[in-house]
Amino acid sequence: MKHLLRFLGRGSAFRTDNNCAFFALDGNLVLLDCPLSAFHKLRHIGADKLAGGKASCITVLVTHTHSDHTSGIGMLIHYSYFVLHIPVVVIAPSDEVAQDIRLLTDRLDGCSSDGYEIKTFEKGLYSWLTAAVPTCHSQQLDGRCFGWILDIEGKRVVYTGDTNTLEPFMPYICKGCLLYTEVSAFDSPVHLYIEKFAPQFKNIVQEGVEVYFMHLDDDEALEQAAQQIGAQLAPLYIRNK
Ligand SMILES: [Zn+2]
Ligand SMILES: [Zn+2]
């Protein structure tokens with residue numbers, strides 16, 4: 001089965017391979033967030049291989065600035081500039097997040113502005129990028145956590161990022177679309193606790209939506225839960241041994 005999004009990691013913050021999805025369009029390799037573990041995977045596998053041909057650009061869509069989502073951005077920019085010789089474009093979901101990323105890349109990481117640029121999402125930026133959806137996740141990052149709505153190969157993709165609610169995404173979820181949603185086996189105020197959200201996921205599956213679980217804290221428990229409601233775990237590009 002061909003997947004629209006594949007994952008360089010699908011683990012939550014304290015797992016070995018943090019969550020990172022990717023797809024490629026015409027040589028543009030697009031990553032959803034860039035944890036350090038995903039940067040190393042990209043370096044090992046090769047950007048061209050991930051892009052399915054010569055990669056001419058790497059684009060990173062940032063959901064929020066927790067380090068399990070942004071810790072590889074500086075390394076990726078340096079590596080792309082000095083080794084791959086291709087530009088990196090970082091897309092922030094809002095001006096405020098763009099400023100935070102700029103602090104990380106320019107000020108802390110010392111990335112050369114020749115090698116990358118940061119853009120704030122706006123409609124029409126890319127044909128495949130439909131919307132940045134503000135959501136609630138961590139109190140400390142209040143107002144600075146987002147999911148993304150994509151249009152890949154004519155299919156709507158809803159990508160929640162880290163969230164503790166599905167509400168902001170519901171207007172975008174429709175029959176035939178793909179929902180990549182974070183989910184957690186442990187109850188906490190910052191994530192979607194599977195026991196609580198299973199009935200809602202089940203309804204969404206029954207409406208004809210393909211549902212993929214990502215940002216996993218317990219693969220086994222969440223795989224069982226996925227099976228029970230007709231969802232699947234996010235597809236890894238390479239399975240861990
Ligand atoms: Zn996270
Ligand atoms: Zn987070």
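## A first look

How many bridges join β2 to β3, and do they run parallel or antiparallel? Five bridges join these two strands, and they run antiparallel. Two strands count as paired when DSSP finds at least two bridges between them. Strands of a sheet pair through backbone hydrogen bonds, either parallel or antiparallel.

Before we go on, note that this is a predicted model, in which local features need pLDDT of at least 70, side-chain atom pairs count only at pLDDT 80 or more, and totals for chains, interfaces and linings use all residues. Residues are numbered from 1 along each chain as its sequence is written, while chains are lettered from A and ligands numbered from 1 in the order in which they are written.

## The whole protein

The protein has seven helices and 12 strands. Helices (H or I, at least four residues) and strands (E, at least two) are DSSP runs, numbered from the N terminus. The radius of gyration is 17 Å, close to the 18 Å that the globule rule gives for 241 residues, so the protein is as compact as a globular protein of that length. Here the radius is taken over C-alpha atoms, and the globule rule is 2.2 Å times the number of residues to the power 0.38. Along the principal axes, the C-alpha atoms fill a box of roughly 50 × 40 × 35 Å.

Buried residues make up 43% of the 241 residues. A residue is buried if 20 or more other C-beta atoms lie within 10 Å of its own, exposed if 12 or fewer, and partly exposed in between, with C-beta atoms placed from the backbone. Two residues are in contact if their C-beta atoms, placed in that way, lie within 7 Å. Of the contacts with a separation of 6 or more, 60% are between residues 24 or more positions apart.

## Strand β2 and its partners

Five of the six residues of β2 are buried, so this strand is largely enclosed by the rest of the structure. Strand β1 (residues 6-9) pairs with β2 in the antiparallel sense over three bridges, and phenylalanine 7 stands opposite alanine 21 in β2. Towards β3, phenylalanine 23 stands opposite valine 30.

β2 and β3 form a hairpin with two residues between them. Aspartate 26 in the turn has a positive phi of about 50 degrees. Most residues other than glycine have a negative phi. Aspartate 26 is exposed, with 8 other C-beta atoms within 10 Å.

## The nonpolar core

A nonpolar core is a set of buried Ala, Val, Leu, Ile, Met, Phe, Trp, Tyr and Cys residues joined through C-beta atoms within 7 Å. In the largest one, with 67 residues, Phe22, Leu29, Leu31, Val60 and Val90 touch the most other members. Strand β2 (residues 20-25) gives the most to this core, with five residues.

Valine 90, leaving aside neighbours within four places in sequence, is in contact with Val60, Val62, Ile73, Ile101, Tyr116 and Ile118. Alanine 92 lies in strand β5 and is buried, with 25 other C-beta atoms within 10 Å. Apart from neighbours within four places in sequence, the contacts of alanine 92 include Val62, Ile101 and Ile118.

In α1, the residues Ser37, Ala38, Phe39, Lys41 and Leu42 are buried. What covers them includes β1, β2, β3, α2 (47-51) and α4. Just after α1, glycine 46 takes a positive phi of about 105 degrees.

Which residues of helix α4 (residues 73-84) are buried? They are Ile73, Gly74, Leu76, Ile77 and Ser80. An α-helix has 3.6 residues a turn, so residues three or four places apart point the same way. The buried residues of α4 pack against α1 (36-45), β4 (57-61), α3 (67-70), β5 (88-92), α5 (95-108) and β6 (116-120). Histidine 85 follows α4, with a positive phi near 60 degrees.

## A mixed sheet

Six strands form an open sheet in the order β7-β8-β9-β10-β11-β12, with mixed pairing. β7 (129-134) and β12 (232-233) stand at the edges, each with a single partner strand, so one side of each is left without a neighbour in the sheet. Strands β9 (residues 155-159) and β10 (residues 178-182) pair in the parallel sense over three bridges, and valine 157 stands opposite leucine 178 in β10.

Histidine 215 lies in the loop between β11 (210-214) and α7 (219-229). Its phi is positive, near 55 degrees. Is histidine 215 buried or exposed? With 30 C-beta neighbours inside 10 Å, histidine 215 counts as buried.
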